[in-house]
Amino acid sequence: MKLKTILEKHNINLEENFYKDIKVFIELLQKWGKVHNLSGSLDEDSIYENILDSLFPLTFIENFSSFADIGTGAGYPGLILAIARKDSLGYLIEPRIKRVAFLSFVKANLGLNNLTILQKRVEAVDDLKAELITSRAVTNTKLLIELTKNIKQDNSSYLFYKGSMLENEIEEAKLNDYKVVSRSDRNYLYIKG
Ligand SMILES: C[S@@+](CC[C@H](N)C(=O)[O-])C[C@H]1O[C@@H](n2cnc3c(N)ncnc32)[C@H](O)[C@@H]1O
């Protein structure tokens, strides 16, 4: 199935430019991924699933003018969000040099002027603030909240891409006001600021 069909089935409607850009991302990921062992699965279906996973929250979260993605790796979800939401200021925070080189190469190829890539651990970043803080497959919720305290502003929201076992994490992080949206095995934890 075409990526556009998959996304539109999930009510994610994006302009043609997005599909042009994402095609370049997929080609570069497949090329670099093989050489640098960047991301687990490089077949088209897996990449499409990762793109859908990255973008699905756009159907239920509030609009945001800036976001910071913690531990972007080979691009999920932060780079995909930046391609889909060029009207927002994006920050990708990733310490590993090969991954940062790949993210920077895609940024340059697509001319993503809305995007800043920082080769750092998030706890060492204190010179930016983001309205939305996202993260997938990096660490548990309690620790993510602690590690991102320097980039949080009063009304920042969090969007964490989680699997099962979320109940324990919610308890451990002592969250009161949050929303969990599930899609297949994914649980999206949205904590509104
Ligand atoms: C399992 S990968 C997940 C990558 C991507 N988010 C995904 O879901 O495909 C975890 C990533 O988090 C990064 N990471 C680990 N600790 C971090 C920290 N303290 N600050 C920022 N990134 C971190 C790692 O370098 C790695 O690229």
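Author: A word on the record before the model. UniProt annotations may be inferred rather than shown by experiment. The model here is predicted.

Reader: Which residues does UniProt list for "binding site"?

Author: The unreviewed UniProt entry lists Gly71, Tyr76, Val122, Glu123 and Arg136.

Reader: What surrounds the ligand in the model?

Author: A shell of 17 residues surrounds the ligand. The closest are Gly71, Gly73, Arg121, Val122 and Arg136. By class, the shell has eight nonpolar, three polar and six charged residues.

Reader: Why is arginine 136 called buried?

Author: The label needs 20 or more other C-beta atoms within 10 Å. Arginine 136 has 22 such neighbours, so it counts as buried.

Reader: Where does arginine 136 lie, and which residues does it touch?

Author: Arginine 136 lies in strand S4. Leaving out residues up to four places away in sequence, arginine 136 touches Tyr76, Pro77 and Tyr161.

Reader: What is the peptide bond from tyrosine 76 to proline 77, cis or trans?

Author: That bond, from tyrosine 76 to proline 77, is cis. Its omega is near -5 degrees. Proline 77 sits in the loop between strand S1 (66-70) and helix H4 (78-84).

Reader: What makes glutamate 123 partly exposed?

Author: Exposed means 12 or fewer neighbours, and buried means 20 or more. Glutamate 123 has 15 C-beta neighbours inside 10 Å, so it falls in between and counts as partly exposed. Its place is in the loop between strand S3 (115-118) and strand S4 (130-136).

Reader: Why does methionine 165 count as exposed?

Author: The cut-off for exposed is 12 or fewer. Methionine 165 has 10 other C-beta atoms within 10 Å, so it is exposed. Methionine 165 is found in the loop between strand S5 (152-162) and helix H7 (166-172).

Reader: What is noted about the phi of methionine 165?

Author: Phi of methionine 165 is near 65 degrees. That is a positive value in a residue other than glycine.

Reader: How do you know that serine 184 is exposed?

Author: Count its neighbours. Serine 184 has 9 C-beta neighbours inside 10 Å. The limit is 12 or fewer, so serine 184 counts as exposed.

Reader: Where is serine 184, and what is its phi?

Author: Serine 184 is in the loop between strand S6 (179-183) and strand S7 (186-191). Its phi is near 45 degrees, a positive value in a residue other than glycine.

Notes
Residues are numbered from 1 along each chain as its sequence is written. This is a predicted model: local features need pLDDT of at least 70, side-chain atom pairs count only at pLDDT 80 or more; totals for chains, interfaces and linings use all residues. Helices (H or I, at least four residues) and strands (E, at least two) are DSSP runs, numbered from the N terminus. Two residues are in contact if their C-beta atoms, placed from the backbone, lie within 7 Å. A residue is near a molecule or strand if its C-beta atom, placed from the backbone, lies within 6 Å of it. Ala, Val, Leu, Ile, Met, Phe, Trp, Tyr, Cys and Pro count as nonpolar, Asp, Glu, Lys and Arg as charged, and the others, Gly among them, as polar.
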